[in-house]
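Some labels given to parts of a protein rest on a value set against a cut-off. The questions below go through a few such labels, step by step, for a reader who is new to this structure.

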Amino acid sequence: CIRDSMEALATGYGLVEGPLWVAGRGLLFSDVLNGGVFCIDPHGAVTSVFEHRRGIGGMALHEANGLVVSGRNVSCKPFDGGATVTIMDSDPDAGIVGFNDLTTDAAGRIYAGSLGSSPVFEDGREPAAGELWLIDLDGSHRPVAPDIRLTNGLGFSPAGRTLYHSDSGVRSVNCYTVADNGDLGPKEVFVQTSEGVPDGLCVAQDGSVWVALAGGGHGVAVYAADGTRQDFLEIPVPMCTSVCFGGNDLKDLYVVSGSDGTGRDNAGTIYRERVGVAGVPVAPARVALR
């Protein structure tokens, strides 16, 4: 059921994605369809951070006072309005038409999922798988996991030794053992979803994995580290797209949504609920900007 404690903080967006808590600012989020990055402060006031850019499915802070964003490429946009720096570009000839969700590890390396075809915008391509890429501290990049049907949420276990990754195309959250150099072990299935499609995810300090269920999922499923489903947090709309922890103690859960299934094109909403466990903090990116 929908909990009385679930607050709707802001609405009126096409497809909200990429929620990212930034201490001292609030929650950053994107509108994939209409463009732009916005910030909602702890009191619910919304301001524009970056205008125009569409297709941002994932975001991370960069230590150089910028925001790493996905979309047609992976790039860093300085908060002071300086020039955008491309970190990894698309390459349609090589089957990379863009990037969806991304995250960072404790060292500041970036993991970003590539798209073989766009799940949102018409690109004239047949549906195609992508890969999971590691962008290393020196700015070099390499694929670390192949055959991702529709890349989505990414998050590390508290110790950083396991990476969780949603593949919406096969309704699976996969997990990988992480080597010291950032390479990944073989893909293993963590959970398969039947009610809704796994989208964005985040991880709590107790090792639980919180997965947004899109495509009629209506909320966030919570799984213990062994894959046992522990809880479900329902939202009033079908298209639950992503989730992250925020607040000063990382115990505010932010849940974001899209408009699909509502009969409107501006039903994307940001929700907040207080929870009993803190999230794993996400480190800023430290990759070279060149």
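Q: Which residue in β16 is the bridge partner of Ser166?

A: In this predicted model, the bridge partner of Ser166 in β16 is Val173.

Q: What makes strand β15 and strand β16 a pair?

A: Two strands pair if at least two bridges are found between them, and strand β15 (residues 162-167) and strand β16 (residues 172-177) are joined in the antiparallel sense over 6 bridges, so they meet the definition of a pair.

Q: Which strands form the open sheet, and in what order?

A: The open sheet is formed by 4 strands in the order β14-β15-β16-β17, with antiparallel pairing. Its edge strands are β14 (151-156) and β17 (188-192), each of which pairs on one side only, and the twist from one strand to the next averages 25°.

Q: Why is Glu63 called exposed?

A: Exposed means over 50% relative accessible area, and Glu63 has a relative accessible area of 51%, so Glu63 counts as exposed. Glu63 lies in the loop between β6 (59-62) and β7 (66-69), and it touches Pro284, Ala285 and Arg286, leaving aside residues up to four places away in sequence.

Q: Why is Cys244 called buried?

A: Buried means under 20% relative accessible area, and Cys244 is at 8% relative accessibility, so it counts as buried.

Technical notes
Residues numbered from 1 in each chain as written. Predicted model: local features only at pLDDT ≥ 70, side-chain atom pairs only at ≥ 80, totals over all residues. Heavy atoms only, no water. Helix = DSSP H or I, 4+ residues; strand = E, 2+ residues; numbered from the N terminus. Buried < 20%, exposed > 50% of the residue type's maximum accessible area, 1.4 Å probe, protein only. Contact = heavy atoms within 4.5 Å. Axes fitted to C-alpha atoms, helices over the stretch in contact; angles between N-to-C directions.
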